[in-house]
Amino acid sequence: MLVPNGRQADRIVWRSFISLGLYGLIYTFIARRIWIPAAALFVLQYVGYALYVVFRGVPSPVSLALGIAKTPSLINLFVLGLVAGTLSFGGAYTAIPFVQVEAVLMGTWLPQSVFLDGIAIGNILPAPLVIFATFVGFQGAYLNGSIGNAFAGAIVITLGMFFPCFLFTIAGHELLEKLVRNKVSTAAPHSTTSPC
């Protein structure tokens, strides 16, 4: 298994920030209706990636892992839940590969088959899909031997997974209320749902 060392991890972090900055720049151009530079940057990012693949090869699946859960201790599970919960704003499916890379590929403390069992259980339960993280936390903390620690791991990763959602909701409540009261932002949805 390929695990990035310190220097490789630093390069990965810089590439991530470069990508975020590039997408921010593209968004800024689009928001200001400057179409040609936005399109050029959008195309150039793919040309850059193609050149990277030609000369350096396809990046490893663990190349974007943060390495925050090398062992399934309670604090590592909580931090894994925090980061995965922050990612789950894009939908629960955005958190699945992140948790998989951290627990299965990089940490190697959870077998792939057990991880897939957790995904299957999360899909059949009448609960949010991110509940699969509870299963991952239970299985990871159970490696230390006690059932009490396993339940603690399940609770800790679940708290970490849902904490960003609650925090952002509470922190952004006032802004959301302003958007609801704004006549311009509510005109379009009302016009599409109102009867003729």
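Trainee: Where in α7 does the kink lie?

Mentor: Good place to start, and keep in mind that this model is predicted. Helix α7 bends by about 30 degrees, shortly before the proline Pro164. The residue at the kink is Phe162.

Trainee: How far apart are the end C-alpha atoms of α7?

Mentor: Let's work out what to expect. Helix α7 has 25 residues, and at 1.5 Å a residue it should span 36 Å. The model agrees with that, because the distance between the end C-alpha atoms is 36 Å.

Trainee: Which elements are included in what covers the buried residues of α7?

Mentor: First, look at what needs covering: the buried residues of α7 include Asn149, Gly153, Val156, Ile157, Met161 and Pro164. Their cover includes two other helices, namely α3 and α6.

Trainee: Which residues is Val156 in contact with, leaving aside its neighbours within four places in sequence?

Mentor: Val156 sits in helix α7. Its C-alpha lies 6.7 Å from that of Leu77, although 79 residues separate Val156 and Leu77 in sequence. With the sequence neighbours set aside, the contacts of Val156 are Leu74, Leu77 and Phe78.

Trainee: Which element gives the largest share of the largest nonpolar core?

Mentor: That core has 26 residues, and those touching the most other members are Leu80, Val99, Trp109, Leu110, Phe115, Phe132 and Val136. Two or more residues come from each of α3 (74–87), α4 (92–106), α5 (112–124), α6 (132–142) and α7 (147–171). The largest share is seven residues, and it comes from α4.

Trainee: Which residues does Val136 touch, not counting those up to four places away in sequence?

Mentor: Val136 is among the core residues that touch the most other members. Once residues up to four places away are left out, Val136 touches Val99, Ala103, Trp109, Leu110 and Phe115.

Trainee: Why is the pair of Phe42 and Tyr46 edge-to-face?

Mentor: The structure holds four aromatic pairs. In this one the ring centres are 5.4 Å apart, and planes over 60 degrees apart count as edge-to-face. The planes of Phe42 and Tyr46 stand at 75 degrees, so the pair is edge-to-face.

Trainee: By about how many helical turns are Phe42 and Tyr46 separated?

Mentor: Both residues belong to helix α2 (residues 35–56), four residues apart. An α-helix has 3.6 residues a turn, so residues three or four places apart point the same way. Phe42 and Tyr46 are therefore separated by about one helical turn.

Trainee: Is Tyr46 buried or partly exposed?

Mentor: Buried means under 20% relative accessible area, and exposed means over 50%. Tyr46 has a relative accessible area of 49%, so Tyr46 is partly exposed.

Trainee: How many residues apart are Phe115 and Phe132?

Mentor: These two form another edge-to-face aromatic pair, 5.9 Å centre to centre with 85 degrees between the planes. Phe115 is buried, and Phe132 is buried too. The pair links distant parts of the chain, with Phe115 in helix α5 and Phe132 in helix α6, and the separation is 17 residues.

Terms used: Residues are numbered from 1 along each chain as its sequence is written. This is a predicted model: local features need pLDDT of at least 70, side-chain atom pairs count only at pLDDT 80 or more; totals for chains, interfaces and linings use all residues. Side-chain values use heavy atoms; hydrogens and water are left out. A nonpolar core is a set of buried Ala, Val, Leu, Ile, Met, Phe, Trp, Tyr and Cys residues joined through side-chain atoms within 4.5 Å. Buried means under 20% relative accessible area, exposed over 50%, partly exposed in between (1.4 Å probe, protein chains only). Contact means heavy atoms within 4.5 Å. The expected span of a helix is 1.5 Å times one less than its number of residues. The bend at a residue is the angle between axes fitted to the seven residues ending there and the seven starting there. Rings of Phe, Tyr and Trp (its six-membered ring) pair if their centres lie within 6.5 Å; planes under 30 degrees apart count as stacked, over 60 as edge-to-face and the rest as tilted.
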